Amino acid sequence: MWALLLSGSLCAQHRADQQHLTDPNSFSFIVFGDPQGYTKYDINQPLFELCTAWIADNVENLNIQGVLFTGDLIEQNENIVRNRNMLNQTSKQMWEWSSHCLKRLDGRVTYMIAGGNHEYGYVRGDEEFTHYPEYYTFERNPKSAEHLVATYPSRMGCQSLENAAWEFNEKNWGKLLVINFEWAPRDEVLAWAKALCNSEAYKDHLVIVLTHTYLRELTNTRTDKENYKIKSQNFGQQMWDKFVKQCANVRLVICGHTGHPDYKHPGSAQDFKNNTAYLESTNDAGKKVFQFMWNIQCLGGGWEGNGGDGWMRILEFLPDGKTIKASTYSALFGISPMTKHLAHRTDSCCQFDMVIER
C-alpha cells in the first residue's frame, strides 16, 4: 500500500511554470482579451480551453476572484457560410465552443463578459440581435449568485448578463463593483450605470468598468464615432463624457476591440504595443481614472494566426488596498519546460502598476 501511495506521489503532475502572487495576501482578477481567433478555427479551439483550464487550476493559487472577458468570444454572431479566408466554423459552432470552454470556470469562479461587436448582428455588430443570452446565462454558473447584484435589459428587451453589476468584498480593499456593458452601450444603459454608482448602496464602492470598445492602440486615445450602424451607440469618448468622469468611484476601465498585428516582427515589443493601450485621466471629482485596452487576437500570428498564443493579463490587488500590479502571462508557453522562458512579457505595456488613491 505504501508503495502505491509513494508511486502516486512521485507521478503527480509537475507544473512547468506555476504562477504565484507577489504577496500571499493579495487577490487577483484575470483579464481575457477578445478570444474570437480561438473559436473561429477548429485547430485553434483547444488553446481557448487550455486558457480556461489554466484559470480554473489557479483559482486558489492566485486567489482569483473573477475573470473579465473584454468581448468578441466569437467571430460572427449569425452566419452559416464558412468563409475559409477568415474562419472554418459556423456561428453556432463558435458559440458552442466558447460555451464549452467556459464550463471549465462554472462553479469555480465568477466571470463577466462585455458584449463585443462580433457577438451582435450578422457579421460585425451593425444589428441589435445577439445569441449572447442563450449561452451566457445566470443559471449556468453557481458562483454568479454570490456576486450578481443588478442587471439592465438588453437591446432585445430581455433580462440578460449583457448589462450587469457584480459586487465583491475584500478584506483590504473593501467593496468593489464590476459593471460590464453590452456592445456600444445605449444612453439608457449609461444612465443606469451612473445611477447605480451614485446610489447610497454603491457610492462608496470602488468601481471597475468592463466594456468592449473604449481605447485605441498606439495613440492611447478614446474611440469615437466608429463606423457601425447599430442604433443608440456610445463609444469610448461618449462613455467618458456621459458616465465615467461623472462618477467619483469609477477608477478603472478595461476594454478590448482595437489593435493590429506587426507581421514583420511577430511577438516583438512593437507587436504587443499594437494590441494594448493605456490612459490615465482625471475625473470631475479630481480622482485619477486608469484605463487600459488588452486584445490578444493578433498576438498569435496576426488576424488569421492561432488566436492569441494563450496570453492573459493578471491583475494582482495588493493588500495595501491601493496598488494593482498588472502582468502578462501565456498559458500556452508556460505549460512546457521548453518554452516557459517565453511565458512572461515585461514590456512596459504588459507589466505596470496602478495606484488608486481612495
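View 1. Strands are DSSP runs of E with at least two residues, numbered from the N terminus. Two of them pair if DSSP finds at least two bridges between them. E1 pairs with E2 (residues 64-69) in the parallel sense over 5 bridges. The model is predicted: local features need pLDDT of at least 70, side-chain atom pairs count only at pLDDT 80 or more, and totals for chains, interfaces and linings use all residues. Residues are numbered from 1 along each chain as its sequence is written, and side-chain values use heavy atoms, leaving out hydrogens and water.

**View 2. Strand E1 (residues 27-32) is largely enclosed by the rest of the structure, because 6 of its 6 residues are buried.** Buried means under 20% relative accessible area (1.4 Å probe, protein chains only). On one side lie Phe27, Phe29 and Val31, and on the other Ser28, Ile30 and Phe32, all buried. In a regular strand, side chains alternate between the two faces of the sheet.

**View 3. Strand E11 (residues 311-317) pairs with E1 in the antiparallel sense over 5 bridges.** Arg313 of E11 is the bridge partner of Val31. E11 is also joined to E12 by 7 bridges, again antiparallel. In this hairpin, 5 residues lie between the strands, and Gly321 takes a positive phi near 75 degrees.

**View 4. Strand E12 (residues 323-330) has 6 of its 8 residues buried, so it is largely enclosed by the rest of the structure.** Tyr329 of E12 is the bridge partner of Met312, and His344 in E13 is a bridge partner of Tyr329. E12 runs antiparallel to E14 (residues 352-355), with 4 bridges; Ala326 has Phe352 as its partner there.

Methods
Buried < 20%, exposed > 50% of the residue type's maximum accessible area, 1.4 Å probe, protein only.
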